[in-house]
Amino acid sequence: MKRFLLFCAAALAWHGAQAQPITAQVTLTGTTITVQPDPIEVKRARGAVVIRWELPPNVNYSFDPQGIVIEGQQVGNQLRPQDQIGGCGGGPRHVTCTNANSRRGTFKYTVRLLDATGRLIERDPLIVNQE
């Protein structure tokens, strides 16, 4: 994991201004989480990027302390370990992760929100690294 984080930091430093964040809006209606865009598509030419998931202002729900969990690379019906996305962290209103974006792949992640009563609600969208 340390090696991955060092790689991501180096990639972001190398790509500098090209590493513009991708923003995804996350909303909760009842027990349904919506992420826009879904899937999050990352073009290879962008190089390393930060993905930022944000909640709307003044809502009565928040991200769980583990608000975004990268589950693995989706290959067919299987999930395999991945080395592209990590360094996830943030607060109750936003979470960021770094995507090294050094190769193609489809990656499953889990959005974890806490509703107004503190109940955990989850959804499993995708990130797609493209050519």
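Q: How many disulfides does the structure hold?
A: The structure holds 1 disulfide. This is a predicted model.

Q: What makes C88 and C97 a disulfide?
A: Their sulfur atoms lie 1.9 Å apart. The cut-off is within 2.5 Å, so C88 and C97 count as a disulfide.

Q: Why is the disulfide of C88 and C97 called right-handed?
A: Look at the torsion about the S-S bond. For C88 and C97 that torsion is about 115°, so the disulfide is right-handed.

Q: Is C88 buried, exposed or partly exposed, and what makes it so?
A: The relative accessibility of C88 is 34%. Buried needs under 20%, and exposed needs over 50%. C88 falls in between, so C88 is partly exposed.

Q: How do you know whether C97 is buried or exposed?
A: The relative accessibility of C97 is 1%. That is under 20%, so C97 counts as buried.

Q: What makes strand 7 and strand 8 a pair, and in which sense do they run?
A: Strand 7 covers residues 85-90, and strand 8 covers residues 94-99. They are joined by 4 bridges. At least two are needed, so the strands pair. They run antiparallel. One of the bridges sets G89 against T96 in strand 8.

Q: Which strands make up the open sheet, and in what order?
A: The open sheet has 5 strands in the order 2-1-4-8-7, with mixed pairing.

Q: Why are strand 2 and strand 7 called edge strands?
A: Strand 2 (32-36) and strand 7 each pair on one side only. The twist in this sheet averages 20° from one strand to the next.

Q: What holds paired strands together in a sheet?
A: Strands of a sheet pair through backbone hydrogen bonds, either parallel or antiparallel.

Q: How do you know that strand 3 and strand 11 pair, and are they parallel or antiparallel?
A: Strand 3 (residues 40-42) and strand 11 (residues 126-129) are joined by 3 bridges. The requirement is at least two, so they pair. They run parallel. I40 has I127 in strand 11 as its bridge partner.

Q: What makes strand 9 a partner of strand 11?
A: Strand 9 (residues 105-114) and strand 11 share 4 bridges. That meets the rule of at least two, so they pair. The sense is antiparallel. G105 has N129 in strand 11 as its bridge partner.

Q: How many aromatic pairs does the structure hold?
A: The structure holds 1 aromatic pair.

Q: Why is the pair of W53 and Y109 called tilted?
A: First check the distance. The ring centres are 5.2 Å apart, and the cut-off is within 6.5 Å. Now check the angle. The planes are 55° apart. Stacked needs under 30 degrees and edge-to-face needs over 60, so this pair is tilted.

Q: What makes this pair a link between distant parts of the chain?
A: W53 is in strand 4 (residues 49-54) and Y109 is in strand 9. The two residues are 56 residues apart.

Q: How do you know whether W53 and Y109 are buried or exposed?
A: W53 has a relative accessible area of 0%. Y109 has a relative accessible area of 0% too. The cut-off is under 20%, so W53 is buried, and so is Y109.

Definitions and conventions. Residues are numbered from 1 along each chain as its sequence is written. This is a predicted model: local features need pLDDT of at least 70, side-chain atom pairs count only at pLDDT 80 or more; totals for chains, interfaces and linings use all residues. Side-chain values use heavy atoms; hydrogens and water are left out. Buried means under 20% relative accessible area, exposed over 50%, partly exposed in between (1.4 Å probe, protein chains only). Rings of Phe, Tyr and Trp (its six-membered ring) pair if their centres lie within 6.5 Å; planes under 30 degrees apart count as stacked, over 60 as edge-to-face and the rest as tilted. Axes are lines fitted to C-alpha atoms, for helices over the stretch in contact, and angles run from 0 to 180 degrees between N-to-C directions.
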